Amino acid sequence: MADNTGTLPSFDAVLDTTGLYCPEPIMLMHNKVRDMTSGQVLKVIATDPATTRDVPKFCQFLGHELLEQNTSSENNYLYFIRLA
């Protein structure tokens, strides 16, 4: 997905994985989505460049919708995921 220069999607929960590296961000995402319900949106903040590959694959594998993927002004990777 391209960077979004407009408004970001609204979200129900935030998962900050700043400073963590593969596989920790994905493991924490698995745990977080278990506490959420279908249709809710999770915002994930990451610093690991591997998440640009891992998060889309996570969504594809589990049937979640990756609403938005971009890089913030703080050089963090941001993901907005609607749960299946």
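Which strands does helix α1 lie across, and at about what angle does α1 run to β1? In this predicted model, α1 (residues 24-34) lies across β1, β2 and β4 and runs at about 155° to β1. Contact here means heavy atoms within 4.5 Å; helices (H or I, at least four residues) and strands (E, at least two) are DSSP runs, numbered from the N terminus. Axes are lines fitted to C-alpha atoms, for helices over the stretch in contact, with angles running from 0 to 180 degrees between N-to-C directions. Because the model is predicted, local features need pLDDT of at least 70 and side-chain atom pairs count only at pLDDT 80 or more, while totals for chains, interfaces and linings use all residues. Residues are numbered from 1 along each chain as its sequence is written, and side-chain values use heavy atoms, with hydrogens and water left out.

Now to the sheet itself. Four strands make up an open, mixed sheet, in the order β1-β2-β4-β3; two strands count as paired if DSSP finds at least two bridges between them. β1 (13-16) and β3 (65-71) sit at the edges with a single partner strand each, so one side of each has no neighbour in the sheet. From one strand to the next, the twist averages 15°. β2 (residues 41-46) and β4 (residues 77-82) pair in the antiparallel sense over six bridges, and I45 stands opposite L78 in β4.

The axes of α1 and α2 come within 10 Å and cross at roughly 35°. On the α1 side the contact is made by P25, I26, M29, H30 and V33, and on the α2 side by T51, D54, V55, F58 and L62. Sorted by class, that makes seven nonpolar, two polar and one charged residues.

Most residues other than glycine have a negative phi, and most peptide bonds are trans. C22 and P23, however, are joined by a cis peptide bond with omega of about 10°, and P23 is placed in the loop between β1 and α1. N75, in the loop between β3 and β4, has a positive phi of about 65° although it is not a glycine. N75 also counts as exposed, at 58% relative accessibility (exposed means over 50% relative accessible area, buried under 20%, partly exposed in between, with a 1.4 Å probe and protein chains only).

Technical notes:
Nonpolar A, V, L, I, M, F, W, Y, C, P; charged D, E, K, R; others polar.
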